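Open the model in your viewer and keep the selection tool at hand. The tour goes from stop to stop, each time saying what to select and what is there.

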Protein chains: 2
Amino acid sequence: MRHGIGIDLGGTTVKGVAFDCDGGQMLAQASQPTDFVVNAADSGQPAFAHAVRCVVADLERDIGAPAKVMGLSAPGMASAGSDRIAYIPNRLEGLQDFVWSDWLQRPTAVLNDAHAALLGEIWQGSARGLSDVVLLTLGTGVGGAVVTGGKLLRGHIGRGGHLGHIALDFMAEGDICGTPGSLEDQVGNATIAVRSGGRFAMTHELIEALEAGDSEARDIWDRSMRALAAGVTSLVNVLDPKAVIIGGGISTAWHHIEPALNRWLDEFEWRPGGARVEIRRAKLGEWAGAYGALAFALEASPSLG
Amino acid sequence: MRHGIGIDLGGTTVKGVAFDCDGGQMLAQASQPTDFVVNAADSGQPAFAHAVRCVVADLERDIGAPAKVMGLSAPGMASAGSDRIAYIPNRLEGLQDFVWSDWLQRPTAVLNDAHAALLGEIWQGSARGLSDVVLLTLGTGVGGAVVTGGKLLRGHIGRGGHLGHIALDFMAEGDICGTPGSLEDQVGNATIAVRSGGRFAMTHELIEALEAGDSEARDIWDRSMRALAAGVTSLVNVLDPKAVIIGGGISTAWHHIEPALNRWLDEFEWRPGGARVEIRRAKLGEWAGAYGALAFALEASPSLG
């Protein structure tokens, strides 16, 4: 049995999964807070690096063997050689250009966390077997990833799949990246206070009011879902996926998302020959990145996987 | 010397180019009106099929030899096997499911005309050597194509790259495909009368007024360029190309497009690490599809090409 480990390094938590690579069976899961090693600075290495080592050690103790295949996902843009995060401003200091194969003392395939989440859903989640598929994550911000023709869409500098930053209202103000009236600004948690005139601080408060029959909440939600559908429509016309997978914290309100989104898509979506995109809910939740990091490493090292 | 022919079948004209496939040298060009064979129906075959045969015959007479590599581009979505157009409603009756290798009596690689135009620009035009690049064609409508990781983005049903149908104003009315406030509706020639309150019938009239110092024309143009920049921004964040190539009839007003577009991009574009997308003008004009059809055929038959 050959073992593989996938690690997702997040701003608050490091998560890891260990698999039997031959059988595709989960062997163990582990997680630690990203900053739980309090005196990390004394070692001259960032706390997140120690946390990753601890999660790897936990998993290998559980499975009783070293992992031959190792993948790691993290925020930022991965290098073209997939050995490190090559660009991440203002977060996780020390992560940019940190070479993981040196630190973990074995080949480690590194990729962006949203990219990993989609590969995870394709490998073990709700996008199994799909070769043309889009992931949208709805949370504080809106992110995503694209697989087209069976390949991860990375692009020229690894920025591919920043799906929250598509313009849906070109005369509006720019978002955090400069995009006018972006999908992120129309749907993400970060703007719910602005979108509700200060009434709601979090999307789940909006959902509660919606469920209590509040008509203002209904209007705000419907406008968000119209924007989401317009964004999905754009992505369908550009990328032509078989399915759009929706994840992130806001997707817990699935019974309010799915019917509203499909209603607007009936109006907006171009359906040549009757083809219509499938809207599916993500399955792996916060573990998707760890699954996907391993899936990516398996693909990168076929002789081992 | 091995000869190759690329044919672009359009609604009004059939264009063809013949190349020396080894040296990459153009040997001949030819074109005919798509419906110039007046009694075509008597043969039981559509007029466009006869026009294509005539253009092929013209080229082979000029080069004095049969072509070993043959590609054909046309409107609509190509089949997954690239032997025919599998979907085209309401235009060029008889083209859907017409099998070109039977009609031309040799293997013929078939692809969508916008896809072909981008492959042409990559092979012989302004996108030479690029592996992550987007083409936008601005004309009556707005179309385009995407190459990512060196591969044409086809998608699940061959719809990939319908870049005119991205939503830029999600509360607006739907365009011809249902997309609310689409790039096509904000920029294409088909809506210039609506966008100018009936004052201009064609974009070149708007450009003339703009050059005469008309302030209303300036405002309409600037709004269009803001929309175009918002669309380019969306495509950059999703697809991360090294360059966006702009073609189509409206691109003849390049000296008005380039500065306005770049000014808005300075405001809208996310430039991680200083990276910025290049805006380039398409080079091959109306012949791009024919070039690209041959480029596609060469790629599909490497042993011949």
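The stops below cover a helix, the cavities, the nonpolar core and a few single residues.

**Before you start**

This is a predicted model, in which local features need pLDDT of at least 70 and side-chain atom pairs count only at pLDDT 80 or more, while totals for chains, interfaces and linings use all residues. Residues are numbered from 1 along each chain as its sequence is written, chains are lettered from A and ligands numbered from 1 in the order in which they are written, and side-chain values use heavy atoms, with hydrogens and water left out.

**Stop 1: helix α6 of chain A**

Select residues 203–211 of chain A, which form helix α6. Helices here are DSSP runs of H or I with at least four residues, strands are runs of E with at least two, and both are numbered from the N terminus. Colour A:Thr203, A:Leu206, A:Ile207, A:Ala209 and A:Leu210, which are buried. Buried means under 20% relative accessible area, exposed means over 50%, and partly exposed is in between, with a 1.4 Å probe and protein chains only.

Now look down the axis of α6(A): the buried residues fall within an arc of 160 degrees, so they line one face of the helix. The arc is that of the directions from the helix axis to the C-beta atoms.

What do the buried residues of α6(A) pack against? Show α5 (192–195), α7 (215–239) and α8 (254–268) of chain A, which are their partners. Contact here means heavy atoms within 4.5 Å. Just after α6(A), select A:Gly213, which takes a positive phi of about 90 degrees.

**Stop 2: the cavities**

A cavity is a set of points, on a 1 Å grid over the protein atoms alone, where a 1.4 Å probe fits but cannot get out; lining residues have an atom within 4 Å of a point. Grid points are joined across faces, edges and corners, and a volume is the space filled by probe spheres set on the points. There are 3 cavities of 30 Å³ or more.

For the largest cavity, of about 80 Å³, select lining residues from both chains, including A:Leu168, A:Ser234, A:Val238, B:Ser234 and B:Val238. The α7 helices of chain A and chain B (215–239) each supply at least two residues of this lining. By class, the lining has 9 nonpolar, 2 polar and no charged residues. Ala, Val, Leu, Ile, Met, Phe, Trp, Tyr, Cys and Pro count as nonpolar, Asp, Glu, Lys and Arg as charged, and the others, Gly among them, as polar.

The second largest cavity has a volume of about 60 Å³. Among its lining residues are A:Arg195, A:Thr203, A:Leu206 and A:Trp221. Helices α5, α6 and α7 of chain A each supply at least two lining residues, and α7(A) gives the largest share, 3 residues. This lining divides into 7 nonpolar, 2 polar and 1 charged.

**Stop 3: the nonpolar core**

A nonpolar core is a set of buried Ala, Val, Leu, Ile, Met, Phe, Trp, Tyr and Cys residues joined through side-chain atoms within 4.5 Å. The largest one has 90 residues, and those touching the most other members are A:Leu136, A:Leu228, A:Leu239, B:Leu136, B:Leu228 and B:Leu239. Select A:Leu228 and, leaving aside neighbours within four places in sequence, find its contacts A:Leu136, A:Leu138, A:Leu183, A:Val187, A:Ile257 and A:Leu261. In soluble globular proteins, nonpolar side chains tend to be buried together.

**Stop 4: A:Arg159**

A:Arg159 is in the loop between β10 (151–152) and α4 (183–187) of chain A. Is A:Arg159 buried or exposed? At 2% relative accessibility, A:Arg159 counts as buried. Beyond four places in sequence, A:Arg159 has contacts in chain A and chain B, including A:Met77, A:Arg154, B:Asp240, B:Glu269 and B:Trp270.

**Stop 5**

Most residues other than glycine have a negative phi. B:Ser82 has a positive phi of about 60 degrees although it is not a glycine, and B:Asn90, also not a glycine, has one of about 70 degrees. B:Ser82 lies in the loop between β5 (77–78) and β6 (85–87) of chain B and is buried at 16%. B:Asn90 lies in the loop between β6 and α2 (100–104) of chain B and is exposed at 81%.

Definitions and conventions
On a 1 Å grid over the protein atoms alone, a cavity is a set of points where a 1.4 Å probe fits but cannot get out, and a pocket is an open set with protein on both sides within 12 Å along at least five of seven lines; lining residues have an atom within 4 Å of a point.
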